[in-house]
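Trainee: Could we go through this model piece by piece? I would like the terms spelled out as we go.

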Amino acid sequence: MANADCIVIQGSNMAECHPVGYQWVTEARARGAKVIHVDPRFTRTSAVADKHVPIRAGSDVVLLGALINYVISNELWFKEYVLAYTNAATLVGEDFRDTEDLDGLFSGYDPGTGQYDLTSWAYERKEGAEATGGYEHGADTAARAAGHQYGSGGPPIGNPRFEQDRTLEHPRSVFQILKRHYARYTPEMVREACGISPEDFDYLARTITENSGRDRTTCFAYAVGWTQHTLGAQFIRTAAILQLLLGNVGRPGGGVMALRGHASIQGSTDIPTLFNLLPGYLPMPNAGMETLQQYLDAIASPTQKGYWAAADTYTISLLKAWWGDAANEDSEWGYQYLPRITGAHGTYETVMSMLDDEVEGYFLFGQNPAVGSAHGRMQRLGMSHLKWLVVRDLNLIESATWWKDGPEIASGELKTEDIATEVFFLPAATHVEKAGSFTQTQRMLQWRHQAVRPPGDCQSELEFFYELGKRIRAKLADSTDERDRPLLDLTWDYPVDEHGEPDAEAVLAEINGRHLTGPQAGRPLSSYTEMRADGSTSGGCWIYTGVYADGINHAADRKPQQEQGLVAPEWGWVWPSNRRILYNRASADPDGKPWSERKKYIWWDPEQNRWTGDDVPDFPVDLAPGTPSDLDAGGAAALAGDDPFIMQSDGKGWLFAPKGMVDGPLPTHYEPQESPVANPLYRQQQNPARLTYPRADNLSAPSAGEPGSEVYPYVFTTYRLTEHHTAGGMSRWLPYLSELQPELFCEVSPELAAERGLEPYGWATIISPRSAIEARVLVTERVKPLVVSGRTFHQIGLPYHWGVGQDAVVSGDAVNDLLGVTLDPNVQIQESKAGSCDIIPGRRPRGAALLSLIAEYQTRAGVTPETGNQKLTGPGRASGHETKEN
């Protein structure tokens with residue numbers, strides 16, 4: 001980011017929520033970069049930006065889509081980059097129909113399942129070319145969509161022999177489809193849908209395009225303001241399309257930066273805490289993949305281009321790391337020891353299963369769902385159905401004490417003496433009391449050294465799981481039951497220190513991987529390209545291979561920047577292969593020359609016949625520019641000299657996704673689950689593929705045009721503060737931080753305050769269909785009313801750090817109690833950034849009177865479990881006449 005000429009921060013309050021990382025934005029600005037903040041509120045980031053552009057929460061695709069239209073219409077796209085490095089020239093099959101043809105739907109939508117059959121989105125294959133390897137497009141893909149993640153290389157599309165039109169004039173070329181799709185996304189539409197003035201749009205569009213091209217680059221940065229929507233994955237896709245058109249991917253100062261909320265959130269997806277992934281973004285097998293070969297065929301094709309074709313080597317090396325000698329050819333390398341998923345098994349499906357008495361026990365590690373997850377009431381009631389609950393944390397957080405002092409105890413919905421859940425609280429070590437790696441926003445592994453010993457019974461996660469594994473294995477030691485073999489055969493021997501704690505560096509070495517046979521047996525792997533599918537290598541996470549090369553902990557590298565170049569390769573270690581910018585082959589032109597001297601980064605050295613530059617080349621180092629693709633070779637050997645996107649199955653950046661996104665090959669605008677605004681583009685109001693959960697305990701507000709929508713006329717959006725940390729477990733117990741932000745507050749505009757009779761610093765009650773909370777009133781011009789669809793539109797800002805309990809220094813109502821559960825269909829994340837509500841002056845009622853207030857609003861709005869959960873909307877659609885044949 002420090003090398004950017006323009007930085008657009010959208011879906012993030014970076015200066016406040018990522019203050020350390022913001023130093024690089026500050027550095028870029030000191031070099032002359034423009035910084036633009038697009039956000040519903042004027043925040044601490046806005047205050048240090050060149051420009052703040054207020055936006056209606058949830059309307060980002062309209063703004064980004066209009067920028068795409070601006071770039072194409074004014075021929076400001078980086079033509080040489082786009083033609084060489086993207087799929088712009090590839091033709092899509094004749095059966096594809098766009099949202100512009102079907103009024104908000106793509107072809108293949110099945111109203112019976114609420115899912116898409118992706119067949120018609122496929123590329124047009126050359127005559128006689130067969131798709132080999134991987135699941136083909138089809139209904140089975142849609143059926144598996146919920147809970148299924150594609151791997152690092154995206155979805156396999158087989159051998160990439162596709163029809164192309166290099167003139168980009170063919171009406172079915174990706175470029176022309178893209179152009180038609182966003183033609184209605186205009187500055188006028190931005191004003192109507194987003195509330196952004198034409199002047200602000202013009203400033204944003206001109207600044208981005210003037211700072212893109214051969215000599216300049218623009219960076220986008222986002223956080224949960226983009227992800228936490230029923231269309232969140234498509235928000236990010238839209239930004240990626242824009243950046244590809246402008247040539248801002250794979251180049252210094254470009255890209256789309258995902259800002260992570262914790263020190264190792266990136267690490268917890270790399271070596272995942274996610275139900276549908278294995279380490280290194282290998283997909284979790286589903287129940288239909290009975291054999292290892294079926295699994296490997298499903299996740300990658302050996303005939304596709306790029307390094308993901310070698311997913312078999314990453315998979316088998318992982319299985320060898322986990323099961324050692326038990327992972328052999330006869331046992332399918334231990335594949336049968338892996339669990340299978342049957343659909344979505346995320347946190348929200350789990351809590352609903354608790355309510356249905358299908359889950360008996362629950363572990364919480366560094367999570368406080370009673371405060372930090374959507375629909376807090378559902379979370380707490382779900383935990384009341386458990387037989388046992390284990391909470392590991394630094395403090396007695398609300399998820400450990402809800403049974404005695406939670407909101408449902410106060411309202412009378414729960415009684416402590418009736419709750420059968422047995423709660424175990426286990427104290428955890430803090431980050432300074434344990435050693436280990438953490439992986440942050442820029443994919444960098446850094447080593448944390450232990451500063452002090454943890455007090456009393458406090459344990460690190462590593463020690464806890466190691467000891468738990470030892471105890472379980474001891475209890476099963478004499479078992480002859482086949483289902484116990486996966487636990488008994490685990491490689492579970494780690495060296496321990498004088499305190500009996502396992503050596504974190506030994507775990508890192510296991511993750512890195514090593515040679516198991518031959519003359520190099522025992523030597524750590526230096527690159528994932530050394531992994532083999534014959535059982536001769538092991539490795540716990542292929543993308544981390546090299547972090548322990550030569551037996552050296554490179555996560556602990558700490559060479560000061562002034563002693564090395566700007567890329568600073570000896571400070572920490574970045575996956576994969578310590579390259580700091582992914583797909584950096586795109587930083588040079590098709591001939592291998594830098595696009596400009598100013599943005600020089602990686603280039604082809606004809607004297608050495610290899611790629612060289614400031615970073616580790618993200619490309620076969622000896623593959624010369626101009627080399628034609630050998631499609632019969634498959635894998636890395638099939639890459640052409642101008643295929644910079646080496647993990648993609650065709651080597652190109654995708655402007656159009658023929659597979660992989662379950663709710664559309666192109667991002668299109670839909671309104672949030674709850675919205676007082678009608679979709680200005682289509683009759684289809686919400687994302688038709690979103691995951692809905694129509695339940696009496698998960699009601700939604702009516703949206704625009706539906707009876708009762710006026711009962712919840714405003715939109716609330718949630719956010720974070722610098723002084724508190726997420727659900728407050730690390731900050732509300734500290735008096736030094738608590739006194740800086742002692743109470744929950746709501747940000748409202750002077751106009752809304754006058755409209756609702758809200759007094760500055762007085763109390764307000766905010767009511768949604770799920771709950772009602774109280775907050776102090778902060779009347780501020782930082783939240784401006786917007787004119788949307790011809791009328792004044794108000795938004796309410798709510799920080800979500802407080803929770804009700806007796807143990808913290810400060811407490812308050814949990815903002816996430818207001819939220820319902822509706823999820824993005826690609827990644828199952830909740831919609832936290834836009835919900836409908838009302839706001840009235842005064843404190844909320846107590847006890848049963850609180851429930852009466854919520855019910856009174858529900859009755860006035862006429863909400864039922866079906867409200868807002870109809871997949872198809874608009875005249876004539878309730879009967880489901882839109883079929884897959886459309």
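This is a predicted model: local features need pLDDT of at least 70, side-chain atom pairs count only at pLDDT 80 or more; totals for chains, interfaces and linings use all residues.

Trainee: In what order do the three strands of the open sheet lie?

Mentor: Helices (H or I, at least four residues) and strands (E, at least two) are DSSP runs, numbered from the N terminus. Two strands pair if DSSP finds at least two bridges between them. Strand 13 (436–439) and strand 17 (573–574) each pair on one side only, as edge strands. The pairing is antiparallel and the order is 13-14-17.

Trainee: Which residue does glycine 436 stand opposite?

Mentor: Strand 13 pairs with strand 14 (residues 444–448) in the antiparallel sense, over four bridges. The residue in strand 14 opposite glycine 436 is arginine 448.

Trainee: At about what angle does helix 23 run to strand 14?

Mentor: Axes are lines fitted to C-alpha atoms, for helices over the stretch in contact (heavy atoms within 4.5 Å). Angles run from 0 to 180 degrees between N-to-C directions. Helix 23 (residues 504–512) lies across strand 13 and strand 14, and its angle to strand 14 is about 160°.

Trainee: Is glutamine 228 buried or exposed?

Mentor: Glutamine 228 lies in the loop between helix 11 (224–227) and helix 12 (232–245). Not counting residues up to four places away in sequence, it touches Ile829, Gln830, Glu831, Ser832 and Lys833. Buried means under 20% relative accessible area, exposed over 50%, and partly exposed in between (1.4 Å probe, protein chains only). Glutamine 228 has a relative accessible area of 14%, so it is buried.

Trainee: Which residues does proline 272 contact, leaving aside neighbours within four places in sequence?

Mentor: Proline 272 lies in the loop between helix 13 (265–270) and strand 8 (277–278). Its C-alpha is 10.0 Å from that of leucine 282, 10 residues apart in sequence. With neighbours within four places left aside, the contacts of proline 272 are Leu277, Leu278 and Pro279.

Trainee: How far apart are the end C-alpha atoms of residues 715–833?

Mentor: In the UniProt record, an unreviewed entry, these residues carry the feature "domain: Molybdopterin dinucleotide-binding". UniProt positions are given in the numbering used here, feature names are shortened, and annotations may be inferred rather than shown by experiment. Over residues 715–833 the chain is 9% helix and 28% strand, and the end C-alpha atoms are apart by 9 Å.

Notes: Residues are numbered from 1 along each chain as its sequence is written. Side-chain values use heavy atoms; hydrogens and water are left out.
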